[in-house]
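Visitor: I've got a structure open and would like to learn how to read it. Could you walk me through some features?

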Amino acid sequence: MSTKFSKETYLYWYELMQLIRQFELKAEEMYKMAGKIRGFFHAYVGQEAIAAGCMTATQADDPFITAYRDHGLALAKGVSANACMAELYGKATGCAKGKGGSMHFFSVEHKFFGGHGIVGAQIGTGAGLAFAEKYRGTQNVVLCYFGDGAARQGMLHETFNLAMLWKLPVIFICENNNYAMGTSIERTSNVIDIYKLADAYEMPADKVDGMTAESVHDAVARAVKRAREGDGPTLLEMKTYRYKGHSVSDPQKYRSKEEVEEYKDQDPITKVAGTILENGFATQAELDAIDARINAMVDESVRFAEESPWPDDDEVLKDVYIDQNYPFIVD
C-alpha cells in the first residue's frame, strides 16, 4: 500500500495522537478517581486527527486559538504535558500559572492563544490575531477552532464578514462533533452543513473527514496556501466525534452507546497505526515502544503536577489587566 505521506509524518501523527489520547485519559482519571482536578473538563478523545493533520499542514509560528476543549491542541502546539497537567491541577507551574484551569490553556511562546470559555468568543479574537499578522506583514496564518454549537453565535457572522472584506489570513475550523453540549445540529439549525454558512460571504469552504489525519492535512494545506498568498480566509467543517461526553458531568443521554462504538470503529489512531504497519514504517514492537514512552511522559506529568507549588497569594491580581499599577483599592 503506497502513501502520499512519508514514514516520518505517519510516525509523528501516531505519537502526537497517542500523547493527546493518553494525556486525556490520565487527566480524566485524576479528575474522577483521584479528585485532583476540579472545575470543568472537556476531553479531546476521538478528535485527535484534527490536531495531527493541522500540525503537519502549518508552521510553528502560525497561531492557534480554540474553545474550551483545548488540551489536545495545546499539546499539539508544543505545550509540555507537564505544563498542561499542572494547569489542570491549578499549580503555579501550569501553562497559565494555575489560574486558567482546563478551559484556559495559554502559551505565547508556542503561539497558542487559548482556551476560551465564552462560547464563540475565540472566533472574533482569532480574526483579530489574523489582523495583527497582516498588519505586521508576516506570512503567518491563524487557525481558529470552534465547535458546531458555536456556529450559532452572532459573532461568527460579524467576523466572517470582516475577515472576507479585509482578506485576513485566518482559517476557521469547525470541529463538528455532532452534539454541541448535548443537542444535535438537526434540532438547532436549518443549515445542517455548517460549511455552507460561508456562502453568504463568498468565503471558500469545504467539508472534511475529521477522523483521518490525511484529509485534515490536505484541506488545511490548501487553505493555508490561499491565506499566505493573500487570498483571505477559509471555513473548514471537520466532521469528527468525541467519544466522551461534552464534559465530565455529561450523562450522554442524547446518544446511544451503539452509536459511540460505531464511531470508535473509525478511530484515527487505529487508522494511522494500520497504515504504519501495512507499509512497514514500523513494527508493532516499535509502536509499543512509542506507547510506553508516551505513558511514561504522562505519568511524569502527574508527578510534576503533584509536586508543583500552588500559586502565591500575590498572583491573584496579576495578569487580570496589563496595567501593572492596578488603580483600584483592594482590601
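Visitor: Let me start at one residue: is Trp310 buried or exposed?

Guide: A word on the source: this is a predicted model, where local features need pLDDT of at least 70 and side-chain atom pairs count only at pLDDT 80 or more, while totals for chains, interfaces and linings use all residues. Residues are numbered from 1 along each chain as its sequence is written, and side-chain values use heavy atoms, with hydrogens and water left out. Now the scale: buried means under 20% relative accessible area, exposed over 50%, and partly exposed in between (1.4 Å probe, protein chains only). Trp310 has 57% relative accessibility, so it counts as exposed.

Visitor: Where does Trp310 lie, and which residues does Trp310 touch?

Guide: Trp310 lies in the segment after helix H10; helices (H or I, at least four residues) and strands (E, at least two) are DSSP runs, numbered from the N terminus. Contact means heavy atoms within 4.5 Å. Not counting residues up to four places away in sequence, Trp310 touches Tyr89, Gly90, Lys91 and Ala92. Trp310 and Gly90 are 220 residues apart in sequence, yet their C-alpha atoms are 7.0 Å apart in space.

Visitor: On to the sheet. What is the order of the strands?

Guide: The general idea is that strands of a sheet pair through backbone hydrogen bonds, either parallel or antiparallel. Two strands count as paired if DSSP finds at least two bridges between them. Here an open sheet of five strands runs S1-S2-S3-S5-S4, with parallel pairing. S1 (64-65) and S4 (205-209) stand at the edges with a single partner strand each, so one side of each has no neighbour in the sheet.

Visitor: How many bridges join S3 to S2, and how many join S3 to S5?

Guide: S2 (residues 142-147) pairs with S3 in the parallel sense over six bridges, and Cys144 has Phe172 as its bridge partner in S3. From S2 the chain crosses through helix H6 (residues 154-165) to S3, in a right-handed β-α-β crossover. Right-handed means that, with the strands pointing away from the viewer, the path from the first strand over the helix to the second runs clockwise. S3 and S5 (residues 234-239) also pair in the parallel sense over six bridges, with Ile171 opposite Thr234. As for S4 and S5, they have five bridges, again parallel, and Ala205 is partnered with Leu235 in S5.

Visitor: Which residues of S3 are on each side?

Guide: In a regular strand the side chains alternate between the two faces of the sheet. In S3, Val170, Phe172, Cys174 and Asn176 are on one side, Ile171, Ile173 and Glu175 are on the other, and all are buried. With seven of its seven residues buried, S3 (residues 170-176) is largely enclosed by the rest of the structure.

Visitor: Which residues of helix H9 are buried?

Guide: In H9 (residues 268-278) the buried residues are Pro268, Ile269, Val272, Ala273, Thr275 and Ile276. They cover an arc of only 160 degrees (taken from the directions from the helix axis to the C-beta atoms), which puts them on the same side of H9. Their packing partners are helix H1 (7-32), helix H2 (48-56), helix H7 (213-228) and helix H10 (284-307). On the face turned away from the buried side, H9 carries the exposed residues Thr270 and Glu278.

Visitor: How many aromatic pairs are there?

Guide: A pair of aromatic rings is described by the distance of the centres and the angle of the planes. Rings of Phe, Tyr and Trp (its six-membered ring) pair if their centres lie within 6.5 Å; planes under 30 degrees apart count as stacked, over 60 as edge-to-face and the rest as tilted. That rule gives 13 aromatic pairs. Tyr241 and Tyr263 have ring centres 3.8 Å apart and planes at 5 degrees, so the pair is stacked. Tyr241 sits in the loop between S5 and helix H8 (257-264), and Tyr263 in H8, 22 residues apart. Tyr241 is buried at 0% relative accessibility, whereas Tyr263 is partly exposed at 23%. Elsewhere, Phe5, Tyr10, Trp13 and Phe281 form one aromatic cluster.

Visitor: Which residues does the cis peptide bond join?

Guide: Most residues other than glycine have a negative phi, and most peptide bonds are trans. The cis bond joins Gly114 and Gly115, with omega about 25 degrees. Gly115 is in the loop between helix H4 (81-89) and helix H5 (121-136). Lys97, not a glycine, has a positive phi of about 60 degrees, and is found in the loop between H4 and H5.
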